[in-house]
Amino acid sequence: MNKYIDFDLIKKYPNKYNLTPKNIKKLKILDWERLKKRTWHNDAMLSGNWWCHLEGSNLNGDYDDEDEFWIGFNEANNKIDCHFTSYGGMCHYRFNEFYKACDIENKYDMNIQVNTIRWLNKMIDDGILEI
């Protein structure tokens with residue numbers, strides 16, 4: 001298995017809240033109105049009232065869906081769900097901790113982890129989400 005790590009990106013976008021894929025689901029929603037402005041309402045999800053965000057594996061520029069991070073916020077019960085995919089949505093991308101080389105096979109894996117941390121850090125920094 002290939003390993004890939006970009007220390008400059010990790011330094012630029014540190015995991016300052018020690019987030020993991022598992023504890024993302026335990027975040028608290030503090031400000032629904034501002035959250036709704038940074039997400040889209042998912043009419044296709046029939047159970048609940050879901051507001052979602054999707055990140056591709058691009059760092060800048062055109063959208064790249066080689067790897068993706070999806071997070072949804074259910075307004076009906078304040079639950080959060082998230083998942084990661086790879087290989088253009090063909091496979092789940094599972095890992096336990098961000099920025100561990102053993103779980104990063106290529107630049108797409110690296111970039112999706114960076115984009116996830118960058119977006120969640122901003123949401124927490126802006127007081128929309130809380131640990």
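Two strands are taken as paired if DSSP finds at least two bridges between them. By this criterion, strand 5 and strand 6 (residues 91–92) of this predicted model pair in the antiparallel sense over two bridges. Within this pair, Ser 86 stands opposite Cys 91 of strand 6.

Strand 5 (residues 79–86) also runs antiparallel to strand 4 (residues 68–74), to which seven bridges join it. Here Gly 72 has Asp 81 of strand 5 as its bridge partner. Each pairing forms a hairpin, as set out below.

| Hairpin | Residues between the strands | Residue with positive phi |
|---|---|---|
| Strand 4 and strand 5 | four residues | Asn 78, near 60° |
| Strand 5 and strand 6 | four residues | Tyr 87, about 50° |

These elements belong to a protein with four helices and seven strands. Along the sequence, the order of elements is α-α-β-α-β-β-β-β-β-α-β.

Turning to overall dimensions, the C-alpha trace spans about 40 × 30 × 30 Å along its principal axes. The radius of gyration is 14 Å, which agrees with a compact globule, because for 131 residues such a globule would have a value near 14 Å.

Buried residues account for 44% of the 131 residues. Of the contacts between residues at least 6 apart in sequence, 57% join residues at least 24 apart. As for charge, the protein carries 18 positive and 21 negative charges, whose mean positions lie 7 Å apart.

Key: Residues numbered from 1 in each chain as written. Predicted model: local features only at pLDDT ≥ 70, side-chain atom pairs only at ≥ 80, totals over all residues. Heavy atoms only, no water. Rg over C-alpha atoms; globule rule 2.2 N^0.38 Å. Buried < 20%, exposed > 50% of the residue type's maximum accessible area, 1.4 Å probe, protein only. Contact = heavy atoms within 4.5 Å. Lys, Arg positive; Asp, Glu negative; His and termini not counted. Charge placed at Lys NZ, Arg CZ, Asp CG, Glu CD.
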